[in-house]
Structures are given as structure tokens and as C-alpha cells.
Amino acid sequence: MKERIAEIKNRVIRSALSCGRDPESIRIIAVTKTVTAEKIRMAIESGIQIIGENYIQDAREKYPLLSSNEVPWHFIGHLQTNKAKYAVKMFDLIHTVDSYRLAVELDAQAKKINKVQQILIQVNIGKEKSKSGITQETAFDLIKKIGGLNNLRVKGLMVIPPFYDDPERTRPYFAALRILRDRINSLLEPEDIQNIRMEELSMGMSGDFETGIEEGATLVRIGTAIFGERE
Ligand SMILES: *Cc1c(COP(=O)(O)O)cnc(C)c1O
């Protein structure tokens with residue numbers, strides 16, 4: 001695992017440099033669905049600095065076993081409103097906010113524990129029925145509205161493109177997310193900047209993170225390439 005992580009870090013650096021980006025502007029999230037706490041600890045000891053979980057229930061089991069390791073946890077799965085109270089307790093960044101209703105609940109739960117919760121907005125660029133996320137067309141209005149919630153900070157956008165074997169085929173989805181982020185930034189007004197800072201692009205997984213980086217990813221979510229195939 002140590003070697004795999006070192007190799008991924010090298011690939012991140014190489015692809016950043018190949019397109020003139022600062023490698024430090026890209027963070028690797030180790031995606032730990034189905035991965036045991038013990039293996040997560042090994043990954044942290046091998047240089048992983050962010051943990052990404054898909055399921056609240058799994059995170060609630062593993063988090064107490066690992067919280068002494070002091071790395072931030074990100075939530076990358078579909079979040080149900082009734083789990084918002086657990087999410088704000090464990091996660092530094094929630095990548096998958098896709099409705100105002102969910103945002104309101106996260107804001108209320110964050111307020112209860114005196115926290116300002118950082119979030120990303122999940123965009124369903126491919127308009128796939130099977131995937132969560134809002135449409136590109138509604139993103140700006142939703143983000144403006146969420147900007148009125150004082151215990152949330154909108155940090156950027158996230159996408160899960162349709163699955164392809166060829167990473168070149170995901171490039172248009174990544175490019176579309178970057179263009180959308182830049183357009184939203186250009187439309188924001190000075191008073192929005194208190195709660196909305198569109199800096200992050202969460203895009204790219206084991207099979208296509210280099211393409212993601214070339215298109216501007218600041219967060220890449222990598223599971224299989226670190227931990228091996230999931231059962
Ligand atoms: C599982 C998962 C990943 C990681 O996928 P790999 O192909 O194993 O790297 C990334 N993002 C999300 C949202 C996932 O559910």
C-alpha cells in the first residue's frame with residue numbers, strides 16, 4: 001500500500017506539472033468504502049492526509065477508532081437529510097449537497113454544535129437518472145440561496161461522471177464542471193463572498209484522476225488504486 005500511495009502521489013505531481021499547475025493545489029482523498037479501520041490507519045501512516053467515506057453508518061463505526069489519527073474526513077456519498085446531524089460531527093467537507101432542503105438541515109445542525117460546515121455542490125453534468133446532483137442550469141440559483149445560510153460555506157463543485165473505461169471520455173464532464181465554477185464565480189457579487197468561495201473542484205477517481213487534474217481538479221477521490229479492488 002505504501003508503494004501504491006507513493007506512486008499515486010508521483011502521478012499527481014507529474015500530471016500537475018505537465019499542465020503547468022502547482023502540485024500542492026491538488027489534494028488526494030483516500031476513498032475508504034468497504035475498507036477496515038486498520039487498513040485506513042495503514043494508509044494514514046503511509047502518507048494519506050484525507051479520508052473519504054460514502055456511508056454515514058460505516059463512518060460512525062470507523063471514525064471513533066481513528067479520530068486520534070487527526071486527518072480530516074470528507075463525505076462523498078449520497079446524504080439523506082435525517083443523517084445531517086451525524087455528518088456535521090464527523091466531516092470537514094461534505095461533497096454531495098444537492099438540494100436546498102439538505103443545506104438548511106446541515107446549516108441547522110452545524111449551528112447546534114457551533115460549527116461552520118464546508119460543503120461542495122454535486123452537479124449531475126451527465127443528467128443521469130441514476131445519479132444525484134443538481135443540473136448545471138440550476139446551480140447558480142441554488143448556490144446563491146445557500147449563501148444565505150450562515151453556518152455553511154460553499155467551497156466549490158463535485159461531479160461523478162458516467163463510467164467509461166477510457167478516461168478521455170470523462171474529460172468533457174470535468175471541463176464542464178470547471179467552466180461552470182468559473183461562470184458562477186464571475187456572477188457572484190461582493191456580498192456573496194462571505195459564504196461562497198468557489199475554489200474546489202472534486203473530480204477524478206482511480207481511472208481518470210490525471211484527466212481530472214488536467215481539467216482543474218483540486219480534490220481527487222481515489223479508492224481502488226490505493227486499496228485494491230472492492231469485494
Ligand atoms: C467509490 C468512489 C470513488 C473511488 O472510486 P475508485 O474508482 O475506486 O477510485 C470516488 N468517488 C466516489 C463518489 C465514490 O463513490
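Gln-122 counts as buried, because its relative accessibility is 5%, under the 20% cut-off. Keep in mind as you go that this is a predicted model.

**Stop one: around Gln-122.** With Gln-122 selected, colour by secondary structure and you will see that this residue belongs to strand 5, which covers residues 117-122. Now show the side chain: where does the side chain of Gln-122 reach? Look for the backbone oxygen of Ser-132, at 3.4 Å. Next, display the surroundings. Setting aside residues up to four places away in sequence, Gln-122 touches His-95, Thr-96, Val-97 and Asp-98, then Ser-132, Gly-133 and Ile-134, and also Met-158 and Ile-160.

**Stop two: Lys-127 and Glu-137.** Select this pair and show both side chains, which meet in a salt bridge with an N to O distance of 3.3 Å. Lys-127 sits in the loop between strand 5 and helix 6, while Glu-137 is in helix 6, so the pair ties together parts that are 10 residues apart in sequence.

**Stop three: Lys-131 and Glu-128.** Here the side chains of Lys-131 and Glu-128 also meet in a salt bridge, at 2.9 Å from N to O. Lys-131 is partly exposed, with a relative accessible area of 23%.

**Stop four: Lys-144 and Asp-192.** Select these two and draw the distance between their closest N and O atoms; the salt bridge spans 2.9 Å. The pair links distant parts of the chain, 48 residues apart: Lys-144 is in helix 6, and Asp-192 is in the loop between helix 7 (171-187) and strand 7 (196-202).

**Stop five: Leu-149.** Move on to the loop between helix 6 (136-146) and strand 6 (152-158), where Leu-149 lies. Leu-149 counts as buried, at 9% relative accessibility. Which residues is Leu-149 in contact with, leaving aside neighbours within four places in sequence? Select Tyr-100, Ala-103, Val-104, Asp-107 and Asn-195 to see them. Asn-195 deserves a distance label: Leu-149 and Asn-195 are 46 residues apart in sequence, yet their C-alpha atoms are 7.8 Å apart in space.

**Last stop: the salt bridges together.** Side chains of opposite charge can pair when their charged atoms come close. How many salt bridges does a search of the whole structure find? The search finds 13.

Notes
Residues numbered from 1 in each chain as written. Predicted model: local features only at pLDDT ≥ 70, side-chain atom pairs only at ≥ 80, totals over all residues. Heavy atoms only, no water. Helix = DSSP H or I, 4+ residues; strand = E, 2+ residues; numbered from the N terminus. Buried < 20%, exposed > 50% of the residue type's maximum accessible area, 1.4 Å probe, protein only. Polar contact = N/O pair within 3.5 Å; in protein donor to acceptor, adjacent residues only side chain to side chain. Contact = heavy atoms within 4.5 Å. Salt bridge = Lys/Arg side-chain N within 4 Å of Asp/Glu carboxyl O.
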